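Here is a protein model for you to explore.

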Amino acid sequence: MSTLTKVALFTNEYPPHVYGGAGVHVEYLSRELAKLVPVEVRCFGDQDVADPNLRVRGYPAWPEAKRQTDPRFSGALDAFQRNLAMAKDTLDADVVHCHTWYTDIAGFIAKKLWGVPLVVTIHSLEPLRPWKVEQLGNAYHLSSWIEQTGIEDADAVIAVSRETRNDVLRLFKVDPEKVHVIHNGIDLQQYRMNHASEALTSRGVDPARPFVLFVGRITRQKGIIHLVNAIPEIDPSLQIVLCAGAPDTKEIGEEMAARVEEVSRGRSGVIWIREMLPREDVNQFYSHAAVFCCPSVYEPFGIINLEAMACETAVVASAVGGIPEVVVPGETGLLVDLKLKDGSFEPVDSRQYSHDLAVAINQVALDPALRERFGQNGRKRVENHFSWTAIARRTLDLYQGLAGKPSGASKVP
């Protein structure tokens, strides 16, 4: 039984407001931790949950963030204000655990005010996402400072992959002994083979015809434009299903629309689903796909690959970040080498990368026996290595190792 009396999780995303892997992570981690110790979640939004062992409280947006300023600044300024509100509210937890830069400054301040250890999980790193200047303008420097401040003052840093740990040690002044690797996980019951197909047919996808699937946001990071550019070289017998919404900027959304229109001319079966689909519907798409493609140029872990593998789907992904710790080439899918330009996250040869994606996709999708073997192996790998129950226990062990240690401030009586 845990010696902790309570833990607090600070996060931007929490259901029903989840749009990325970090939100999925916090949703399941909080649920599993709550089976072991009382948990309080402070998040962005209007959530208000008071279950016996799980208290969730949302913090609303700050209207002033958009007034009389560069509109690109509003996201970071709004986050900063919500961080102040999160940190100042009475905290009776033994540990505060922050997820993404959006709440790192809240954890930093809470550590000082309430005298509790600070844990920060790295889901991505601002220095490795320079394209965010398009989205945030100079507020990118504010988000980077918030992240650096939280990481370098944390009592423990959790990296979601070994490669992410290497990035943390390379980019920040952190004692290596404080940086721990705890992978993301998957709910093995919610993500599994689903033979239903109404989610596909209602959106114009033919379940009887093999298709390549992408699921994710329209961002530079996710590399979707490279997959779109690969479409002319993907076998015409294959459908291309892009479950892609929420563009980071108007410009990248327009670029995506123009390129999809261009590659769709004279080719049937290119289907772009712009809505964010319910989890049950996404499972149907995973389960029926011939191959799932993750063309990311930056991916600290890539939880999306776990979701596909859990639904017994073969994966073709870029060999970047934490993806090689998830996808085993020749066993659960294929990895495509990606060489990036120095100091950027643009491929050295974008055409070659798109070509290589197409070659790998064709190799898997056109070989039913191979994709079945990859799919079965993927499910086994997920079951053996990535359950949330094990991840929650490892996280709790880390908390317990910090409890009672000096945190840089006196504990409030």
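Two residues are in contact when they have heavy atoms within 4.5 Å of each other. Keep that in mind as you read, and remember that this is a predicted model.

## The whole chain

Let us begin with the overall picture. The protein chain contains 14 helices and 14 strands. Its radius of gyration is 21 Å, close to the 22 Å that the globule rule gives for 413 residues, so the chain is as compact as a globular protein of that length. Along the principal axes, the C-alpha trace spans about 70 × 50 × 40 Å.

How much of the chain is buried? Buried residues make up 57% of the 413 residues. The accessible surface comes to about 17,200 Å², and carbon and sulfur atoms account for 51% of that surface. Among contacts with a separation of 6 or more, 69% are between residues 24 or more positions apart. As for charge, the chain has 44 positive and 52 negative charges, and their mean positions are 2 Å apart.

## A mostly covered helix

Now find helix 10, which runs over residues 279-288. Seven of its ten residues are buried, so this helix counts as buried for the most part. The buried ones are Asp281, Val282, Asn283, Gln284, Phe285, Tyr286 and Ser287.

What do these buried residues pack against? Their partners include two helices, helix 7 (198-201) and helix 11 (303-310). They also pack against strand 9 (211-217), strand 10 (239-245), strand 11 (270-273) and strand 12 (291-294).

A disulfide is a covalent bond between the sulfur atoms of two cysteines. How many disulfides are there in this model? The count comes to zero, with a cut-off of 2.5 Å between the sulfur atoms. Cysteine 98 is in no disulfide, and the nearest cysteine sulfur, that of cysteine 43, is 13 Å away. Cysteine 98 counts as buried, at 0% relative accessibility.

## Two buried residues in loops

Threonine 332 sits in the loop between strand 13 (315-318) and strand 14 (333-336). Is threonine 332 buried or exposed? With a relative accessible area of 0%, threonine 332 is buried. Leaving aside neighbours within four places in sequence, threonine 332 is in contact with Met309, Ala314, Val315, Val326, Val327, Phe374, Asn377, Gly378 and Arg381.

Leucine 91 is found in the loop between helix 2 and strand 5. Its relative accessible area is 7%, under the 20% limit, so leucine 91 is buried. Not counting residues up to four places away in sequence, leucine 91 touches Ala8, Phe10, Glu40, Arg42, Ala110, Trp114 and Val116. The C-alpha atoms of leucine 91 and glycine 115 are separated by 9.7 Å, while the two residues are 24 residues apart along the chain.

## Leucine 84 in a helix

For another leucine, look at helix 2 (residues 74-88), where leucine 84 lies. Leucine 84 has 41% relative accessibility and counts as partly exposed, because the value falls between 20% and 50%. The C-alpha atoms of leucine 84 and lysine 380 are separated by 44 Å, and these residues are 296 residues apart along the chain.

## Backbone details

Most residues other than glycine have a negative phi, and most peptide bonds are trans.

At 17% relative accessibility, threonine 100 counts as buried. Alanine 246 has a phi near 50°, also a positive value in a residue other than glycine. Alanine 246 lies in the loop between strand 10 and helix 9 (250-264), and at 42% relative accessibility it counts as partly exposed.

Note on methods: Residues are numbered from 1 along each chain as its sequence is written. This is a predicted model: local features need pLDDT of at least 70, side-chain atom pairs count only at pLDDT 80 or more; totals for chains, interfaces and linings use all residues. Side-chain values use heavy atoms; hydrogens and water are left out. Helices (H or I, at least four residues) and strands (E, at least two) are DSSP runs, numbered from the N terminus. The radius of gyration is taken over C-alpha atoms; the globule rule is 2.2 Å times the number of residues to the power 0.38. Buried means under 20% relative accessible area, exposed over 50%, partly exposed in between (1.4 Å probe, protein chains only). Accessible areas come from the Shrake-Rupley method with a 1.4 Å probe; for residues, only the protein chains shown count as cover. Lys and Arg count as positive and Asp and Glu as negative; His and the chain ends are not counted. The place of a charge is taken as NZ of Lys, CZ of Arg, CG of Asp or CD of Glu.
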